[in-house]
Amino acid sequence: MMDSKTKQMILSALCKHFSLDPEPFLGGAGDSDVKTLYSNVVKASGKEVSAQNDEVLKWLDFAECFSANSKDCFAALEKLNLELATKSVLLGNGLTPSAADVAVFSALHSSVLGLSDSDKEKVPHVIRWVNYIQKKEELSTLFAPIPVKLPEFDFEVSKPAIKVDANSNTKKAAEVVKPVDKSEAQPSAKKTEPEEPKKKDTKEKDAKKEKKKPAETEPAKKEAELSVSLLNIQVGLIRKAWKHPSADSLLVEEIDVGEDKVRQVVSGLAKFCNPDDLTNRLVALITNVKPGKLRDVMSQGLVLCASSEDHSVVEPLLPPAGAKPGERVSFSGIEGKPEDVLNPKKKQLEKITPGLYTDENGVATYKGIPFMTSAGPCTSSIPKATIK
């Protein structure tokens, strides 16, 4: 049975959520059940109409029955972890925590606070949700902050781009060496006229530099013209996911984007997502990246993920329920056809992704323009996050 102190904490948190003074309610808090506490607070807030529904009652029951017993407690957290695998919050519009979120958070706070780091790793969605609720609801005045320590995001998909850089630099170095060798050979071939050839060579080099200057400005203009419309971002449904056979930080997913066959995609999400939790989850997938192998496993797409500033919290973007696998994500006011296949040498993706981020409400955007589907925008529980 829930102790009176926990009930008082739930009551105080609910009052804070509804911007009410908790003092008038605290007197009989210890003798009331969670549903009664919730009902009294909601009535005082003037929101009786939306107070009672099956989903709210379900989570109030969960909060009421949450046990402090370590074994039962962790089993309940695992159940909650499954629920949160495809949700940013328990109830609401996908971004704003509801009163049910606040009540459940208050009920399990002390138990989660006492979890070891190894146990926290077993319920990553709960930890992500707890961190979001305590910050979004500003509950530090009522509860001790729950420390969240997650491993850094190892985004190994970017490795092929690094290899391209290395090769291009090698070629440039080779091109620089060749004219040096020729210039060194010329003085020995014409010893009687050392001065004239040098002047001539200098003038020719200067002329070449002048000719190159206009050409060098052209790529800069092309870079400025790059648009998110070059990316073919589609809604995908993960049918199956499993750990990469030879890389601990990678997962392999089979993703349905409305084609005859599912696409196999490799993602750097193993430290953040359980493969089972990703099954039947919607994602936003770039489908026109060049296919390639990552640690000997073929990958045919790139799952777009939101990442906190320190890369300690990472999660795939979440298209809204009702979005159809295969439909293309659009951006209001931006027209254009995507590339058939992005060219890694042109670094198109690297030049566009700095404009991808979530806003203060967690809505995924390109320079402030939402990622839109037929059912609404793609979102994340991480506000002001980078997307890549």
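This is a predicted model: local features need pLDDT of at least 70, side-chain atom pairs count only at pLDDT 80 or more; totals for chains, interfaces and linings use all residues.
1. Helix 6 and helix 8. Helix 6 covers residues 99-113 and helix 8 covers residues 124-136. Their axes come within 11 Å and cross at roughly 115°. That angle makes helix 6 roughly perpendicular to helix 8, because angles of 65 to 115 degrees are counted in that class. The crossing of helix 6 past helix 8 is left-handed.

2. Residues between helix 6 and helix 8. On the helix 6 side, the contact is made by Asp 101, Val 104, Phe 105, Leu 108 and Val 112. Helix 8 contributes Ile 127, Trp 129, Val 130, Ile 133 and Gln 134. By class, the residues of this contact are eight nonpolar, one polar and one charged.

3. Helix 3 and helix 4. Helix 3 spans residues 34-45, and helix 4 spans residues 54-65. The two pack with their axes 9 Å apart, at an angle of about 130°. Helix 3 and helix 4 are therefore oblique to each other.

4. Residues between helix 3 and helix 4. Which residues of helix 3 meet helix 4? They are Val 34, Lys 35 and Tyr 38. Their counterparts in helix 4 are Val 56, Leu 57, Leu 60, Asp 61 and Glu 64. This contact holds five nonpolar residues, three charged residues and no polar ones.

5. Strand 2 runs over residues 251-256, and strand 3 over residues 263-267. The two strands pair in the antiparallel sense, over five bridges. One of the paired positions is Val 252, whose bridge partner in strand 3 is Val 266. Together, strand 2 and strand 3 form a hairpin with six residues between them. In the turn, Gly 258 has a positive phi of about 80°.

6. Burial of strand 3. Is strand 3 largely enclosed or largely open? Four of its five residues are buried, so strand 3 is largely enclosed by the rest of the structure. Ser 267, which lies in strand 3, can be checked on its own. Ser 267 counts as buried because its relative accessibility is 4%, and the cut-off for buried is under 20%.

7. Surroundings of Ser 267. Leaving out residues up to four places away in sequence, Ser 267 touches Ser 249, Leu 250, Leu 251, Glu 253 and Val 303.

Terms used:
Residues are numbered from 1 along each chain as its sequence is written. Side-chain values use heavy atoms; hydrogens and water are left out. Axes are lines fitted to C-alpha atoms, for helices over the stretch in contact, and angles run from 0 to 180 degrees between N-to-C directions. Angles under 35 degrees count as roughly parallel, over 145 as roughly antiparallel, 65 to 115 as roughly perpendicular and the rest as oblique. A crossing is left-handed if the near helix is turned anticlockwise from the far one by less than a right angle, and right-handed if clockwise. Contact means heavy atoms within 4.5 Å. Ala, Val, Leu, Ile, Met, Phe, Trp, Tyr, Cys and Pro count as nonpolar, Asp, Glu, Lys and Arg as charged, and the others, Gly among them, as polar. Buried means under 20% relative accessible area, exposed over 50%, partly exposed in between (1.4 Å probe, protein chains only). Two strands pair if DSSP finds at least two bridges between them.
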